[in-house]
Amino acid sequence: MAGPASEAPTASPRRSSAPGKVGNIVFRGISTGAGFVILLVLALVALFLLYRSWDTITADDQRIADLTFTRGETFWPYVLPLIFGTVLFSVIALVIAVPLSVSIALFISHYAPRRMAQVLGYLIDLLAAIPSVLYGMWGFLWLEPAMRPFFVWISDATNWLNGFAPWRYTLGYITTPLFGEASTPARVALMAGVVLAIMILPIVTATIREVFLQTPRLHEEASLALGATRWEMIRQAVFPFGRSGIITASMLGLGRALGETMAVLMIVSPGFRINFNILQAGQHQAIAPNIANTFGEGSAQDDGLGGSVLIATGLVLFVITFGVNLAARWIIARRAEFSGAN
Amino acid sequence: MTTPTLQPQAALGGAGQLPKHISWYVLAGGLALSFVVLLLFAEPTPASVIILGGAIYVAAIWISSRIVEGARRATDRLATAVVTSAFALAMIPVVSLLVTVVDRGRTMMSWEFLTTDMTGIFGDMRGGGAWHAIVGTFWVTALASVFSIPLGIFTAIYLVEYGRGRLARAITVLVDVMTGIPSIVAGLFALVLFNTILDPAYRSALMGGVALAVLMTPVVVRSCEEMLRLVPNELREAAYALGVPKWLAIVKVVLRTAIAGITTGVMISIARVVGETAPLLLTMGIITSTNLNAFDGRMATLPVFAYSSFRQGGVYLERAWAAALVLIAIVMVLNIIARLVSRYFAPKGMT
């Protein structure tokens with residue numbers, strides 16, 4: 001490069017007569033192009049799913065009801081129990097996974113010896129590396145027998161609650177146990193929730209851990225200096241700082257759980273009801289496993305309308321997960337803006 | 001002279017203090033008690049002993065601390081116990097999953113299993129293997145990598161080196177959102193894409209590769225971006241000061257510095273998609289023979305082979321576990337190599 005190179009260091013090198021001018025333009029073009037391709041792919045996913053769903057949107061209700069797998073329902077009555085099942089499994093998973101993840105993240109960030117912390121983090125990440133089909137097999141053959149007595153116990157306990165006079169008085173319409181009669185084998189919503197909870201544990205834990213580790217050191221030390229025990233310090237300094245991180249992590253976990261296919265497909269015995277009988281088999285089904293289960297027999301029906309209906313349910317799932325993930329990222333972004341202030 | 005309120009014991013409101021290593025004794029006692037209780041009333045298994053023992057430990061440590069040390073110390077000990085047991089609880093699935101897979105996968109595992117396919121294997125016949133599925137998994141992963149690694153690395157370069165303003169922010173957000181695309185949706189996308197453009201009956205490893213690439217690209221972008229951001233700005237500025245054009249500085253300085261981290265990230269993202277099942281179930285299905293042509297015809301893959309064998313039950317169940325063992329071995333080897341690469345090949349002073 002001719003001339004003194006005394007410009008501001010971060011400014012791009014001078015274009016005119018600089019060597020590598022062509023290279024710069026080409027490289028910049030390729031990189032920007034790659035960014036555009038990402039946007040394009042995401043748009044294409046939405047567009048192609050919408051394109052194939054169009055048949056369903058415009059089709060006669062009767063034709064949809066005549067498909068073998070819709071059980072005589074039109075599109076929305078068909079997909080509504082599936083949406084309910086999807087949300088139900090995921091919410092159970094969250095209820096189990098979030099408190100556990102907060103505890104594990106705390107253990108790694110504030111309790112474990114610092115040198116061990118990284119290794120312990122790897123151990124949790126190992127759960128993320130295990131393929132989902134393995135969770136299905138393991139959940140079915142190992143976890144299900146292990147959890148069954150516990151499920152029966154919950155069922156009995158809630159049944160016993162029903163005997164209470166005041167309970168019966170206020171909720172008189174309940175005649176069966178609160179969460180249904182425990183089924184054997186326990187191919188039920190609660191089982192799916194437990195397995196999903198294990199599957200989303202790594203991402204939720206990792207996100208919360210990152211936030212906990214960012215807690216300002218001075219806040220922690222100030223709290224300890226005032227005589228707080230470790231737990232009081234965590235309540236005073238770590239939790240207030242990490243609250244939005246916990247919310248974000250939960251939503252990321254929710255996004256994962258909503259879209260999980262194989263584990264649910266292999267564990268839950270499907271049904272299409274809207275109820276809270278999470279201990280009973282044959283009550284619920286989620287969107288993703290329903291597609292995997294039905295696509296083989298259903299996709300060619302009625303000149304491809306069957307496939308279109310299933311792809312439309314996939315589009316519904318896409319929209320839901322997209323919304324949840326976008327909301328999670330929005331919260332992260334908002335937090336990043338204020339993180340200097342707190 | 002100090003005032004009483006400044007003494008830690010008084011501040012915590014407790015009289016005495018529990019002995020130093022009390023937690024370990026209580027833990028051992030809790031485990032022993034839970035083993036005895038389970039032996040009397042039920043079948044003790046490692047998991048149930050640990051869970052019940054942990055519960056006894058949490059309760060015992062809280063009560064004894066409450067009596068001896070007072071409420072605040074007791075709460076602190078309770079929190080420590082709960083947090084530690086949560087971690088132990090999370091270890092149960094890791095350990096039991098690995099043990100189950102190795103234990104059950106062993107029965108069918110042999111050289112024959114790794115090198116033959118399922119052609120001509122019916123009913124209760126033993127023999128046969130997963131060679132066709134291993135080939136399929138190799139092809140589909142290779143294709144996904146070919147699409148998503150360059151795309152991911154260049155996008156990361158754009159975000160770190162060039163990206164300013166709205167476009168960059170939009171890409172950052174959408175890459176994050178893309179990370180959360182359900183795998184089955186990626187499968188449906190590949191299916192619709194190829195069946196609309198090509199033949200509605202077209203099935204091939206290429207479709208699976210496209211589906212996996214949709215899932216893999218955002219993971220590659222994320223990890224590469226993180227690595228590129230770790231490269232100190234001084235290195236870039238030093239290169240510019242020597243008159244190196246920006247693109248050459250990126251290739252020779254930034255990428256060179258971050259290469260170990262990028263390799264690690266790429267390998268972990270490969271490990272992440274190797275086990276994807278649902279999209280491959282939709283796009284590639286399952287066959288019993290070996291198909292070496294990635295661009296035409298169905299192809300078996302390890303996860304789908306494991307799933308369909310699992311569904312068939314009987315002797316196929318053993319094949320499912322053996323296939324699972326192969327799969328998890330691949331995933332673990334990729335993960336371990338990735339960690340080793342990042343540990344030993346990172347430039348000095350970077351990590």
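This is a predicted model: local features need pLDDT of at least 70, side-chain atom pairs count only at pLDDT 80 or more; totals for chains, interfaces and linings use all residues.
I started with the domain layout: the centres of domain 1 and domain 2 of chain B, taken over C-alpha atoms, sit 42 Å apart. Domain 1 covers 4-102 and domain 2 covers 131-344, with bounds from an automatic or database domain assignment.

Residues are numbered from 1 along each chain as its sequence is written, and chains are lettered from A and ligands numbered from 1 in the order in which they are written.

**Chain B overall**

I looked up the secondary structure next and found 14 helices and zero strands in chain B. Helices (H or I, at least four residues) and strands (E, at least two) are DSSP runs, numbered from the N terminus. Chain B is more spread out than a compact globule, because its radius of gyration is 28 Å, well over the 20 Å that the globule rule gives for 351 residues. That radius is taken over C-alpha atoms, and the rule is 2.2 Å times the number of residues to the power 0.38. I also noted the span of the C-alpha trace along its principal axes, about 85 × 70 × 35 Å.

Buried means 20 or more other C-beta atoms within 10 Å of a residue's own, exposed means 12 or fewer, and partly exposed is in between, with C-beta atoms placed from the backbone.

**Where B meets A**

I get 77 residues of chain B in contact with 71 residues of chain A; contact means C-beta atoms, placed from the backbone, within 7 Å. Helix α4 (residues 71-105) of chain B gives the largest share of its side, 20 residues. That side divides into 56 nonpolar, 15 polar and six charged residues. Here Ala, Val, Leu, Ile, Met, Phe, Trp, Tyr, Cys and Pro count as nonpolar, Asp, Glu, Lys and Arg as charged, and the others, Gly among them, as polar.

**Two residues I checked**

Asn335(B) is in helix α14 (residues 315-344) of chain B. I count it as buried because it has 21 C-beta neighbours inside 10 Å. Leaving aside neighbours within four places in sequence, Asn335(B) touches Ala129(A), Ile268(B) and Ala271(B).

Arg71(A) is in the loop between α2 (61-65) and α3 (75-111) of chain A. Arg71(A) has a positive phi of about 55° without being a glycine. Most residues other than glycine have a negative phi. Arg71(A) is exposed, with 11 other C-beta atoms within 10 Å.

Key
Two residues are in contact if their C-beta atoms, placed from the backbone, lie within 7 Å.
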